[in-house]
Amino acid sequence: MAFIPHTAADIEEMLAAIGVASIEQLFEEIPPALRTRNLPAVPSALNEMQIGRLMMQRALADGQPLSFLGAGAYEHHIPAAVWAITTRGEFYSAYTPYQAEASQGTLQTIYEFQTMIASLTGMQAANASLYDGASAFAEAVLMAVRLNRKSESLRVLVPRTVHPHYRLAARSITANQEIRLEELDYARESGRTSREALERYAGEDIAALAIQQPNFFGVLEDVDALSTWAQSRSIPIIAIVNPVSLALLKPPGEWGGGADIVVGEGQPLGVPLSSGGPYFGFLATRMQHVRQMPGRVVGRTLDLAGRPGFTLTLQAREQHIRRGRATSNICTNQGLLVTAATIYMSLMGPQGLERVASASHERARELIAAITQVPGVRAAFTSPFFHEAVVRLDRPVAPLLAALAERDILGGLDLTGSYPELGNALLTCATETKTSADIERFASELRAVLSSAT
Amino acid sequence: MSKVPADLKYTNTHEWLRELPDGTIEIGITDHAQHALGDLVFVEVPEVGRRLSAGGSYAVVESVKAASDVYSPIAGEVTAVNSQLASAPELINQDPYGAGWIARIRPAAAATGLLAAAEYEKLLREEEPD
């Protein structure tokens, strides 16, 4: 079966219509030096059976290790119904399902998603999603600079406790707009954003302050104090949150006087780890900022007969209308993953999500208690944490993680590269998917590896 | 044919200016402009105190179809903005030269290149065939 819909006759007809003799002639204005005729590194085509077998072999090679790796993507139980419903043809196959006349079901799903995200974050409006947590943060930086019209500055304060990948992505996306992301250091004992580092900016013109809760170390920041510091100076606040944690923690809408923009990685809501993607980002805000919000937004309205219905709204500032002056160049959303997240949240409900969050927190406490009993392992910080934490080891982390991997355990993330000042630091995580037996196994393997010759 | 009050000055980008007795200049968009944009749903006004350059964008008017920049016809500092537009953007559609004013400016320099009503009408006749 051919998956390319144009027949040779179609192509001939189209070329004739535009007065070009051949495909070759159509592209002849591209200089030969820029054209790649052969792709020697690309292997020849495989059929479905062959590719299925290859992919199965690769998946088996990855194995199914016992994972204590978090650091931004989290393993949660996904009820079987989530992807059974998400992969129904009505949800799965419709590309760009935004035409209101034809796509009421999809539009309603996105509307429900926005409502759930707004409710979780304590905000009044949310968009239809962005690519991932890191790009959502970058969009939030651009949005904060746009909405802070009192400030002449393009300086945004970003704590070092914000995920290093988020900081890198935001830097890449905002650098050419002359936005400066200035890093705030953290207190070495608590793992929280340092108040002294913040006070150095008192009296300076700052466009926005970012706060991640729980922060990259898993630590709970003093969000009220940070928010109040910014709000007393009319500095907008960008909150970066784990949506599951919000079932237990105070929503950003209630931090101090309330955050202005809330973003995060949506993966924990029903999306499998899947080797790193695709995931989705979310972005929510206050109603007063809604016109600076990037991305697709679905609204509820009435049709000509007065019946309720759903449609894309607030489109006038998007790039298909406003071209180069658009609010952002985001022009789509992660529709399928948002469908899964909406079904996940519907199935869990507020109580279910709270149980996931509580169980994850309990497991993480159990994990840290168990592994800090092992000689050579101690907790890095004194502060409360949500479902992951940093421990310090008495020897380099990388060889230790490799030894654990040989025992089919992913022990966590080596922080040596991003936070060399912490020494041999390991970020390790447990969610509701880990049993006491799993945690005991990790602790005993860790003990075995650490007590063996170094 | 759009309304073009004789006592105002205009720009060829469809803004109007009114000199007020205190020396400040009131600015807005013309009847032709509001008609071309259609029903406005949102107006983003500048902060009081902001310094505008002649020809620079100082406001955004948004209809259901499009969001368009509004350009300042004159350099100066914003002394007042029409706060009613926040809840009633339709004032610009209903009364573009009165209740639909957008901002008042203390001019930094004399404006150049402005059109008198008759000249602006001539421009519109060229743009509006009937």
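Modeller: A nonpolar core is a set of buried Ala, Val, Leu, Ile, Met, Phe, Trp, Tyr and Cys residues joined through C-beta atoms within 7 Å; buried means that 20 or more other C-beta atoms, placed from the backbone, lie within 10 Å of a residue's own. The model is predicted, with local features needing pLDDT of at least 70 and side-chain atom pairs pLDDT 80 or more, while totals for chains, interfaces and linings use all residues. Residues are numbered from 1 along each chain as its sequence is written, and chains are lettered from A in the order in which they are written.

Colleague: How many residues has the largest nonpolar core?

Modeller: A:Val141, A:Ala144 and A:Ile238 have the most contacts inside this core. Its largest share, 16 residues, comes from helix α12 (residues 335-371) of chain A, a helix being a DSSP run (H or I) of at least four residues. The largest core has 121 residues.

Colleague: Between which domains does this core lie?

Modeller: Chain A is divided into domain 1 (8-62), domain 2 (66-75 + 353-451) and domain 3 (80-343), with bounds from an automatic or database domain assignment. Two of these give residues to the core, so it lies between domain 2 and domain 3 of chain A.

Colleague: Which element gives the largest share of the side of domain 2 of chain A that touches domain 3 of chain A?

Modeller: Residues are in contact if their C-beta atoms, placed from the backbone, lie within 7 Å. The contact takes 24 residues from domain 2 and 21 residues from domain 3 of chain A. The largest share of the domain 2 side, seven residues, comes from α12(A).

Note on methods: A residue is buried if 20 or more other C-beta atoms lie within 10 Å of its own, exposed if 12 or fewer, and partly exposed in between; C-beta atoms are placed from the backbone. Helices (H or I, at least four residues) and strands (E, at least two) are DSSP runs, numbered from the N terminus. Two residues are in contact if their C-beta atoms, placed from the backbone, lie within 7 Å.
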